[in-house]
Amino acid sequence: MNVILRWLLEMLQRFTRTLDWPLLAALLALMCIGLAVLHSATNQNVAMVASQGSRFIIGLGGMWVLSRIPAVQLRRFTPAAYIASLLPLVAVLFMGTGRSGQHWINLGVFYVQPAELMKLSLPMMAAWWLGQQPTPPRLGTVAVAALIIGLPTGLILLQPDLGTAVLVASGGVFALYLAGLSWWWFIGGAAAFAVAAPAAWFWYFQQYQKDRILTFLDPESDPLGTGWNIIQSKIAIGSGGFSGQGWGDGSQSHLNYVPEHTTDFIFAVLSEEFGWLGVSVVLGLYLFIVGRCLWIASEARDGFSRLLVGSLGLALFVYVIVNGGMISGLLPVVGVPMPLLSFGGTAAVSLLAGFGVVMAVQASATRRR
């Protein structure tokens, strides 16, 4: 009996040795909180909770598989992964579907959002290129990196999906930042966007996007129309107070005042039912995950690994800030989900797969010590 137990323990250790347990524990905590809030937001819809749970399981499986691939192998396959992720972005322009554009591909059994795949493959490609160049990056290096970032970002803008395009591009921009690119480049880029903003307003932005920006500036101008979403979200957040109204007792969300309360605005449901205490716990978990990624990046033994893990961690920080700012009225509504809390499959699976890459880098660094 002891021999069998010892064998089982050895096998378990062998199959889990590439996992980073502190990071995994924080991710599992977020997923459990997400399922609990989704259970409340859907009025105890077990089917939706089970559906999201099954997606988490798929994502965890992908995370485990990727964590077992050495970082050197990940670097070798990065260009192929980047090209493979570009193909669905082109396909969705011709066969995609969505309420305000062409964002999803219907595979019959489920829908896939191709842009979510780029949240992993773009930082990988940017890190692959920048990791083999001298630091700080020179003009030619920056130009190629800009092409790597701009190609998928442009395809996502054509869907059109401005919010996801900004988030996808952020992963590549952070890789440039971590590679030592001067602040003057970022200041110049911000200035260029400011100059191009008027043209984008007249020739790119859809009417609903213009309405979101105008609503952000003055939500009270149309409280029963375009301003409804953000006004109700802020009421829900404020009514949560310090300790919240209690799990399942959020009046704004359960009376359907809060829009998209299972997806983009689920953080407002969390705020209403668990208050500042619940928000602090969740934000603390996000900060721990970002900090853990940055620590792993600092321990990496090569430029590719360092840039990749650092950019993935900082990109997660941007996702949280954008969604939190959106539901609290500090940023325009751009349809960005809260990581591992909002209902959705492609986003959850791609995010967990990204953390599998982070764990692969950590395992490779540990083996080299």
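## Nonpolar surface patch

In this predicted model, five residues form a nonpolar patch on the surface: Leu 287, Phe 317, Ile 321, Leu 330 and Leu 331. Together they present about 480 Å² of accessible area.

Ile 321 is one of the patch members. Helix α13, residues 303-327, holds Ile 321. Ile 321 has a relative accessible area of 46%. The cut-offs are under 20% for buried and over 50% for exposed, so a value in between counts as partly exposed. Ile 321 is therefore partly exposed.

Helix α12 covers residues 266-299. A straight helix of 34 residues would span 50 Å, at 1.5 Å a residue. The end C-alpha atoms of α12 are only 35 Å apart. Where does α12 kink? The kink is centred on Gly 275 and amounts to about 125°.

## Salt bridges across the chain

How many salt bridges does the structure hold? There are three. Side chains of opposite charge can pair when their charged atoms come close.

Arg 292 pairs with Asp 20, and their closest N and O atoms are 2.7 Å apart. This pair links distant parts of the chain, 272 residues apart. Arg 292 belongs to helix α12, while Asp 20 sits in the loop between α1 (2-16) and α2 (21-41). Both Arg 292 and Asp 20 are buried.

Asp 302 forms a salt bridge with Arg 75. Here the closest N and O atoms are 3.7 Å apart. Asp 302 lies in the loop between α12 and α13, and Arg 75 lies in helix α4 (residues 71-95), so the bridge ties together parts 227 residues apart in sequence. Asp 302 counts as buried because its relative accessibility is 18%, and the cut-off for buried is under 20%. Arg 75 is partly exposed, at 31% relative accessible area.

Lys 119 and Glu 116 form a salt bridge, with 3.1 Å between the closest N and O atoms. Both residues lie in helix α5, residues 114-130. They are three residues apart, about one turn of the helix. An α-helix has 3.6 residues a turn, so residues three or four places apart point the same way.

How values were computed:
Residues are numbered from 1 along each chain as its sequence is written. This is a predicted model: local features need pLDDT of at least 70, side-chain atom pairs count only at pLDDT 80 or more; totals for chains, interfaces and linings use all residues. Side-chain values use heavy atoms; hydrogens and water are left out. Patches are made of residues with over 30% relative accessible area and no salt bridge: like charges are joined within 9 Å, nonpolar side chains (Val, Leu, Ile, Met, Phe, Trp, Tyr) within 5 Å. Accessible areas come from the Shrake-Rupley method with a 1.4 Å probe; for residues, only the protein chains shown count as cover. A salt bridge is a side-chain nitrogen of Lys or Arg within 4 Å of a carboxyl oxygen of Asp or Glu. Helices (H or I, at least four residues) and strands (E, at least two) are DSSP runs, numbered from the N terminus. Buried means under 20% relative accessible area, exposed over 50%, partly exposed in between (1.4 Å probe, protein chains only). The expected span of a helix is 1.5 Å times one less than its number of residues. The bend at a residue is the angle between axes fitted to the seven residues ending there and the seven starting there.
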